[in-house]
Amino acid sequence: MQQMLLDNPEMMQQMMNSPIMQNIMNNPEMMRSMLLSNPQMQQVMDDNPELAHVLNDPALLRQSLETARNPQLMREMMRNTDRAMSNIEMHPEASAPAPAHDHRML
């Protein structure tokens with residue numbers, strides 16, 4: 001189902017514009033509760049604390065949901081993220097080993 005929605009942006013937009021989804025999107029706490037009740041989602045959040053941060057910030061959660069409603073905006077954000085990751089990977093220090101700690105400063 002998830003791949004089908006990603007492959008068909010119009011279907012994703014219809015689903016996100018449905019009255020049920022609008023109701024959920026207008027209630028970030030309800031959305032958060034639904035996500036937290038899913039054991040798989042709970043595991044994803046345990047493995048990715050930055051995602052837990054999104055779910056704990058109602059404004060950020062609402063912005064993420066709004067992005068999901070707009071396929072063009074979602075594609076643009078994905079391109080920007082891909083570009084940013086490429087820039088990080090190409091940075092000379094990205095693959096350099098971390099410097100040893102100077103214990104004199106501790």
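The exercises below concern a predicted model of one protein chain.

**Exercise 1.** Determine the secondary-structure content of the protein chain and the order of its elements.

Solution. Counting the elements gives eight helices and zero strands. Read from the N terminus, the order is α-α-α-α-α-α-α-α.

**Exercise 2.** Classify the orientation of helix α6 (residues 49-56) relative to helix α7 (residues 58-69), and describe their contact.

Solution. Step one: the two axes come within 5 Å and cross at roughly 100°. Step two: angles of 65 to 115 degrees count as roughly perpendicular, so α6 is roughly perpendicular to α7. Step three: on the α6 side the contact involves H53, V54, L55 and N56, which meet P58, L60, L61 and S64 of α7. Step four: sorted by type, the residues of this contact are five nonpolar, three polar and no charged.

**Exercise 3.** Find the salt bridge in the structure and state how exposed its partners are.

Solution. Step one: the structure holds one salt bridge. R32 pairs with E29, and their closest N and O atoms are 3.8 Å apart; the cut-off is 4 Å. Step two: both residues belong to helix α4 (residues 28-36), where they sit three residues apart, about one turn of the helix. Step three: R32 has 23% relative accessibility and therefore counts as partly exposed. E29, at 46%, also counts as partly exposed.

Key. Residues numbered from 1 in each chain as written. Predicted model: local features only at pLDDT ≥ 70, side-chain atom pairs only at ≥ 80, totals over all residues. Heavy atoms only, no water. Axes fitted to C-alpha atoms, helices over the stretch in contact; angles between N-to-C directions. Helix = DSSP H or I, 4+ residues; strand = E, 2+ residues; numbered from the N terminus. Parallel < 35°, antiparallel > 145°, perpendicular 65-115°, else oblique. Contact = heavy atoms within 4.5 Å. Nonpolar A, V, L, I, M, F, W, Y, C, P; charged D, E, K, R; others polar. Salt bridge = Lys/Arg side-chain N within 4 Å of Asp/Glu carboxyl O. Buried < 20%, exposed > 50% of the residue type's maximum accessible area, 1.4 Å probe, protein only.
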